[in-house]
Amino acid sequence: ASVSKPIAATVVSAVVGDGEISWNTRMADLDPGFALHDAWPTQQVTLADLFAHRSGLKDHGGDVLEDLGYSRAEVIHRLRYLEPQYSFRDGYAYTNFGLTAAGDAVARSQGTSWEDLSAERLYEPLGMSKTSSRLADYVAQPNRAVPHVRDGEQWVVAPMLRNPDAQSPAGGANSNVIDMAQWLRLQLGQGMYDGQELIPADALAPMHRPQAFSRIPGNPAVDRAGFYGLGLNVSFTNDGAIQWGHSGAFALGAGTAVFMLPGSGFGIVALSNSPGPGAPEALCLSVLDLVTMGEIGNDWLAIIQGVVAAGAEEAEYSAGTDWAVAPDDAAPALPDAAYVGQYYDDFYGDIEIAAGSDGLVLRIGPARLEIPLTH
């Protein structure tokens, strides 16, 4: 899941270290076909802008198109139709496909695919033989975790296997803790691994430097700011030690978290075959408490689950609307035939409203996802 982002930033750092590109290379120079909504950001957006989530793209912009069956190339192309959430470089919004566009452009600049570039520049040098950026390689593993989801009070096998290949740089790496420990050693060694320099420290360092505010303190006198580097959160512990980390989950059965204390040379990663919520992060933070203070100082699971719940309530798609309650001035429905037809939207593509056996249905996307419509 989300540990893929710092992995992707490490791969790009390796290419940067070879002097072929820099983190400040503009997307226009790598992929002249890439575009954001407005001309100036399109001309100026860099790899660092996209890896730091400061490009202006909407939060999780493009994810819905992946769910509708669009390819990586199609999703990246359609990002240009999203109006910006904030002014270019003047905000922060987490986007899988902005980062994916950057990683994909870097790979193509090297004459290869992201899947092959990540193996060549990172997995093979670190001996990460069980790690891949392709779903097919995970499926081919005879010993692999099976994604689970919650059904009432029980955990059950996910009804379908999520395919993250379209956003592989942002969420498509599959690995195990032994392999991930090697990546932790490279990060904590600032590019050194087993006494050899695999990535120059100067190329890797931008990952670990604050590049954007991920959280603006409400009260700057008492609230901490949150920072994002390149594919990695940068923060501080209660005693002021620098902490690097990242976490995330897929609703269809995966959760990941990684935390590092670079000053102490300590890191931990947790990989889960369920979306949590919050269990991998709580495990990591509890261990960090133990190694730094000798005891667990907080109920991290309760804290993180509270944050997750609050975030869900504030999600843009909810907009504070109770969709089960009709507005007072609702107009009566027209006959079904009035809605039937073919529609088109630049972002979503072809849309069909048709008469189904139980009423109207909406069909959308290459996967022709079918959604019942009720008034």
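In which loop does His-53 lie? In this predicted model, His-53 is found in the loop between α4 (47–51) and α5 (63–67), where His-53 adopts a positive phi of about 60° although it is not a glycine.

**Nonpolar cores**

- The largest nonpolar core comprises 69 residues, and those with the most contacts inside it are Trp-23, Met-27, Phe-34, Phe-51 and Trp-183.
- Helix α1 (residues 4–17) supplies the largest share of this core, namely eight residues.

- Ile-7 is placed in helix α1, and because its relative accessibility is 3%, below the 20% limit, Ile-7 counts as buried.
- Leaving aside neighbours within four places in sequence, Ile-7 is in contact with Leu-122, Tyr-123, Ala-173, Met-180 and Trp-183.
- Although Ile-7 and Met-180 are 173 residues apart along the chain, their C-alpha atoms are separated by 9.4 Å.
- Helix α11 (residues 177–188) has twelve residues, and the distance from its first C-alpha to its last is 16 Å, close to the 16 Å expected at 1.5 Å a residue.
- At the start of α11, a side-chain oxygen of Asn-176 comes to within 3.2 Å of the backbone nitrogen of Ile-178, while just after the helix Gln-190 takes a positive phi of about 50°.

**Paired strands**

- Four strands make up an open sheet in the order β11-β12-β13-β14, with antiparallel pairing.
- The edge strands of this sheet are β11 (341–345) and β14 (369–372), each of which pairs on one side only, and the twist averages 25° from one strand to the next.
- Within the sheet, strand β12 (residues 349–356) and strand β13 (residues 359–364) run antiparallel and are joined by six bridges, with Glu-352 standing opposite Arg-363 in β13.
- Strand β9 (residues 254–261) pairs with strand β10 (residues 266–272) in the antiparallel sense over seven bridges, and Gly-255 stands opposite Ser-272 in β10.
- β9 and β10 form a hairpin with four residues between them, and in the turn Gly-265 has a positive phi of about 65°.

**Loop residues with positive phi**

- His-53 has a relative accessibility of 1%, and because buried means under 20%, His-53 counts as buried.
- Arg-368, placed in the loop between β13 and β14, likewise has a positive phi in a residue other than glycine, with a value near 50°.
- Arg-368 counts as partly exposed because its relative accessibility is 35%, which falls between the 20% and 50% limits.

**Two further loop residues**

- Thr-25 is found in the loop between α1 and α2 (27–30), and its relative accessibility of 15% means that Thr-25 counts as buried.
- A polar atom of the Thr-25 side chain lies 2.9 Å from the backbone nitrogen of Ser-22, and, not counting residues up to four places away in sequence, Thr-25 touches Leu-30, Thr-46 and Leu-47.
- Glu-295 is found in the loop between α13 (279–293) and α14 (300–313), and Glu-295 is exposed because its relative accessible area is 53%, over the 50% limit.
- With residues up to four places away in sequence left out, Glu-295 touches Asp-289 and Leu-290.
- The C-alpha atoms of Glu-295 and Asp-67 are separated by 42 Å, the two residues being 228 residues apart along the chain.

Definitions and conventions:
Residues are numbered from 1 along each chain as its sequence is written. This is a predicted model: local features need pLDDT of at least 70, side-chain atom pairs count only at pLDDT 80 or more; totals for chains, interfaces and linings use all residues. Side-chain values use heavy atoms; hydrogens and water are left out. A nonpolar core is a set of buried Ala, Val, Leu, Ile, Met, Phe, Trp, Tyr and Cys residues joined through side-chain atoms within 4.5 Å. Buried means under 20% relative accessible area, exposed over 50%, partly exposed in between (1.4 Å probe, protein chains only). Helices (H or I, at least four residues) and strands (E, at least two) are DSSP runs, numbered from the N terminus. Two strands pair if DSSP finds at least two bridges between them. Axes are lines fitted to C-alpha atoms, for helices over the stretch in contact, and angles run from 0 to 180 degrees between N-to-C directions. The expected span of a helix is 1.5 Å times one less than its number of residues. A polar contact is a pair of N or O atoms within 3.5 Å; within protein, one must be able to donate a hydrogen and the other to accept it, and residues adjacent in sequence count only if both atoms are side-chain atoms. Contact means heavy atoms within 4.5 Å.
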